[in-house]
Amino acid sequence: MTQAAFFVLTALADQPRHGYGILREVEELSEGAVQMRVGTLYGVLDRLTADALIVLDREEVQQGRLRRYYRLTEAGTAALDAEAERLAAGASAAKKRIAEGRRTPGGGSVPGATDLPATGRGLAGGLA
C-alpha cells in the first residue's frame, strides 16, 4: 500500500469526507509530510474504489459545485488495520535494532558518519 493510500484510508476511518476534506486531513495526519495534488488524490480514490476499499457515500451540491463524499468499506477498514499493524511491527523492529546497537561496542555506527554533510536524502537516495 502506498503512503498516499494509507493516509487517504486513515482520513476516511472516522467519517465520510469529500475530496478537499480528504486533502486537508491527509496533510494534518501526516504532519505535512504528505501533500497531495488534486490529480493525485483522485487517482488514489479511483484505485481504492476499484479495489473496493472505499465507496461513494453521497453527492451534495454546495455553492453550485458537486461534492462527492467517500467512506471506507469493511474491506477498507480491514486493509487499513492490516497495514497499520505491518507498519507498527516494522517500526518496533527498527527501534529494537537501534536499542541493541546502542548497547553493543561501537554502537553499530558508521565510522566518520558524523563528518558527512546532511543531504536531506532518505533511503536509496530519494528525498525523504
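1. Strand 2 (residues 54–62) runs antiparallel to strand 3, and the two are paired over 8 bridges. The model is a predicted one. Together these strands make a hairpin with 2 residues between them. Gln63, in the turn, has a positive phi of about 50 degrees. One of the pairs to look at is Arg58, whose bridge partner in strand 3 is Tyr69.

2. Strand 3 also pairs with strand 1 (residues 17–18), again in the antiparallel sense, over 2 bridges. Here His18 stands opposite Tyr69 in strand 3.

3. The volume of the largest pocket is about 400 Å³. Besides strand 3 (65–72), the elements that give two or more residues to the lining are helix 2 (19–29) and helix 3 (38–50). The lining has 13 residues, and those nearest the centre of the pocket are Tyr20, Tyr42, Arg65, Leu66 and Arg67. By type, the lining divides into 6 nonpolar, 4 polar and 3 charged residues.

4. Which residues have the most contacts inside the largest nonpolar core? They are Val8, Ile22, Val26, Met36, Leu48 and Ile54, in a core of 22 residues. Two or more residues come from each of helix 1 (3–11), helix 2, helix 3 and strand 3. Helix 1 gives the most to this core, with 7 residues. In soluble globular proteins, nonpolar side chains tend to be buried together.

5. Met36 is worth a separate look. Leaving out residues up to four places away in sequence, Met36 touches Ala4, Val8, Leu23, Val26 and Leu41. Of these, Val8 and Val26 are also listed among the residues with the most contacts inside the largest nonpolar core. Met36 and Arg24 are 12 residues apart in sequence, and their C-alpha atoms are 9.4 Å apart in space. Arg24 is found in helix 2 and is partly exposed, with a relative accessible area of 48%.

6. When neighbours within four places in sequence are set aside, Glu25 is in contact with Ala11 and Arg17.

7. Two loop residues have backbone angles to check. Most residues other than glycine have a negative phi. Glu31, in the loop between helix 2 and helix 3, has a positive phi near 55 degrees. Glu31 is exposed, because its relative accessible area of 76% is over 50%.

8. Ala52 is placed in the loop between helix 3 and strand 2. With a relative accessible area of 41%, Ala52 is partly exposed.

Technical notes: Residues numbered from 1 in each chain as written. Predicted model: local features only at pLDDT ≥ 70, side-chain atom pairs only at ≥ 80, totals over all residues. Heavy atoms only, no water. 1 Å grid on protein atoms, 1.4 Å probe; cavity = no way out; pocket = protein on both sides within 12 Å on 5 of 7 lines; lining within 4 Å. Points joined across faces, edges and corners; volume = space filled by probe spheres on them. Helix = DSSP H or I, 4+ residues; strand = E, 2+ residues; numbered from the N terminus. Nonpolar A, V, L, I, M, F, W, Y, C, P; charged D, E, K, R; others polar. Pairing = 2+ DSSP bridges. Buried < 20%, exposed > 50% of the residue type's maximum accessible area, 1.4 Å probe, protein only. Core = buried A, V, L, I, M, F, W, Y, C linked by side-chain atoms within 4.5 Å. Contact = heavy atoms within 4.5 Å.
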